[in-house]
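This report describes one protein model, starting with a sheet and then turning to the core, a hairpin and the chain totals.

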Amino acid sequence: NRSEDIDVALINLVGHEDNTAVNISFQNLEPSAQLGFIMLESKDGMALLDPITDNTISVILNRGDTLEIAYEGLDLTGTKIITSSPVTFLSGHQCPYIPESLPSCSQIVEELPPVEYWGREFVAVPIAERTSYDILRAMAAFDNTTITFECTNGSTSMLNLMAG
């Protein structure tokens, strides 16, 4: 039953080097957002961190430390993470419905590359045998990013996006 499932957005960071400063800025947090938890796990054990009060988190990660952030009922798209050294950045959702009409869910997780490795040109190919349409989600790292869509019928359309 969908109403009984957990709607939790997740972010996980894994430290690669000792003394890595991590600053996280949430772009779309609403005052009513329900914090699941913020947990830091290191060789010394686990610690729950204080709730977010000003849409930011700052922590130090050492090699192998993990930081997990979970928010109930919230899309964490647009969250900006700045680190002093490389980290592994995983983002996901505990119980998405893909497609939305499907009566069950499974956790999804994706490793996200640093902004400097994002591409500039992409090709979207329809899923075989799909009779409806595909949904694409484009994200901009910088304000005033222009995206041009070129369709197979020769038409084009442009969008101007702000960061996040």
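This is a predicted model: local features need pLDDT of at least 70, side-chain atom pairs count only at pLDDT 80 or more; totals for chains, interfaces and linings use all residues.

Strand 2, residues 20–25, pairs with strand 5 in the antiparallel sense over 6 bridges. In this pairing T20 stands opposite L61 of strand 5.

## The largest nonpolar core

The largest nonpolar core holds 17 residues, and those touching the most other members are L13, I24, L61, L67 and I69. At least two residues of this core come from each of strand 1 (8–15), strand 2, strand 3 (34–42), strand 5, strand 6 (66–72) and strand 8 (87–93). In soluble globular proteins, nonpolar side chains tend to be buried together.

Leaving aside neighbours within four places in sequence, L61 is in contact with L13, V14, G15, E17, D18, N19, T20, V22, L40, T66, L67 and V87.

## M39 in strand 3

M39 lies in strand 3. Its relative accessible area is 18%, and the cut-off for buried is under 20%, so M39 counts as buried.

Apart from neighbours within four places in sequence, the contacts of M39 are M46, A47, L48, T66, L67 and E68. The C-alpha atoms of M39 and L49 are separated by 5.9 Å, with the two residues 10 apart along the chain.

## A hairpin

Strand 10 (residues 145–150) and strand 11 (residues 156–161) form an antiparallel pair over 6 bridges. T146 is placed opposite N160 of strand 11. The two strands make a hairpin with 5 residues between them, and G154 in the turn has a positive phi of about 95°.

## The chain as a whole

The secondary structure of the protein chain amounts to 0 helices and 11 strands. Of its 164 residues, 24% count as buried. The accessible surface comes to about 12000 Å², and carbon and sulfur atoms account for 51% of that surface.

Among contacts in the protein chain with a separation of 6 or more, 64% are between residues 24 or more positions apart.

Key: Residues are numbered from 1 along each chain as its sequence is written. Side-chain values use heavy atoms; hydrogens and water are left out. Two strands pair if DSSP finds at least two bridges between them. Helices (H or I, at least four residues) and strands (E, at least two) are DSSP runs, numbered from the N terminus. A nonpolar core is a set of buried Ala, Val, Leu, Ile, Met, Phe, Trp, Tyr and Cys residues joined through side-chain atoms within 4.5 Å. Buried means under 20% relative accessible area, exposed over 50%, partly exposed in between (1.4 Å probe, protein chains only). Contact means heavy atoms within 4.5 Å. Accessible areas come from the Shrake-Rupley method with a 1.4 Å probe; for residues, only the protein chains shown count as cover.
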